[in-house]
Amino acid sequence: MRPLPPVKRESLGQLAVALLPIEKLKRKSPRGIPFEKEIHDFLVTNFNGYTMSSGNISGHWKDDHGHDHYGEHRQYKVALPAPESVKNFEAFLAEIAAEMGEECIYMELGREISLIYRSARASAG
């Protein structure tokens, strides 16, 4: 058996996944830019890129009052290279949630699943 050639491997950081409501992505943000463009610009500028999936990504959940909800989502995956990147990503999601009129956004970080609640600062504006 021949020895395997050396392989260059570069870690990009911890995987974060966010699900955003597909029907709101084409709407304009308070800055007059479609949310999907702002999300793209933020992820590329801050994390050098992302992977996006859409189609058949849907969820069912109950709110605090026991009401059933359903939503179709676009999935964004991004590598977060440092702890401050996590805080930056969470703050961005909280602001986007408020501006989209969402109570919270589903996020996975590694093996942990969280709900990132909308920013009170952006909600008040």
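Here are some notes on the pockets, the cavity and a few of the helices and strands in this predicted model.

1. **Ground rules.** Residues are numbered from 1 along each chain as its sequence is written. The model is predicted, so local features need pLDDT of at least 70, side-chain atom pairs count only at pLDDT 80 or more, and totals for chains, interfaces and linings use all residues, while side-chain values use heavy atoms, with hydrogens and water left out.

2. **Helix 2.** Helices and strands here are DSSP runs numbered from the N terminus (helices H or I, at least four residues; strands E, at least two). Helix 2 covers residues 83-100, and its 18 residues should span 26 Å at 1.5 Å a residue; the end C-alpha atoms are 26 Å apart, so the two agree. (The expected span is 1.5 Å times one less than the number of residues.) Just past the helix, Gly101 has a positive phi of about 80°.

3. **What helix 2 buries.** Buried means under 20% relative accessible area, exposed over 50%, and partly exposed in between, with a 1.4 Å probe and protein chains only. On helix 2 the buried residues include Val86, Phe89, Phe92, Leu93 and Ile96. Ser85 also sits in helix 2. Is Ser85 buried or exposed? Ser85 counts as buried because its relative accessible area is 10%. Setting aside neighbours within four places in sequence, Ser85 is in contact (heavy atoms within 4.5 Å) with Phe47 and Leu80.

4. **The cavity.** On a 1 Å grid over the protein atoms alone, a cavity is a set of points where a 1.4 Å probe fits but cannot get out; a pocket is an open set with protein on both sides within 12 Å along at least five of seven lines; lining residues have an atom within 4 Å of a point. Points are joined across faces, edges and corners, and a volume is the space filled by probe spheres set on the points. How many cavities of 30 Å³ or more are there? The count is one, and the largest cavity holds about 30 Å³. Its lining is Ala18, Leu20, Ile39, Leu43, Tyr76, Phe89, Phe92 and Leu93. Strand 1, helix 1 and helix 2 each give two or more of those residues, with helix 2 giving the most, three. The lining divides into eight nonpolar, no polar and no charged residues. (Nonpolar covers Ala, Val, Leu, Ile, Met, Phe, Trp, Tyr, Cys and Pro; charged is Asp, Glu, Lys and Arg; the others, Gly among them, are polar.)

5. **Leu20.** This residue of the cavity lining belongs to strand 1. Leu20 is classed as buried because its relative accessible area is 2%. Not counting residues up to four places away in sequence, Leu20 touches Leu25, Ile39, Glu72, His73, Arg74, Tyr76 and Ile105. Leu20 and Gly71 are 51 residues apart in sequence, yet 9.2 Å apart in space, C-alpha to C-alpha.

6. **Strand 4 and its partners.** Two strands pair if DSSP finds at least two bridges between them. Strand 4 pairs antiparallel with strand 1 over four bridges, and Ala18 has Met107 as its bridge partner there. Strands 4 and 5 also pair in the antiparallel sense, over six bridges, with Leu109 opposite Glu112. Their hairpin has two residues between the strands, and Gly110 takes a positive phi near 65° in it.

7. **Largest pocket.** This pocket holds about 600 Å³. Of its 22 lining residues, Trp61, Glu102, Glu103, Cys104 and Leu115 are the closest to the centre. Strands 1, 2, 3, 4 and 5 each give two or more residues to the lining, and the largest share, five residues, comes from strand 3. By class the lining has nine nonpolar, six polar and seven charged residues.

8. **Second largest pocket.** Its volume is about 210 Å³. Of the 13 lining residues, Leu12, Phe47, Asn48, Gly49 and Ala79 lie nearest the centre. Helix 1 and strand 3 each supply at least two residues, and strand 3 gives the most, three. The lining has seven nonpolar, four polar and two charged residues.
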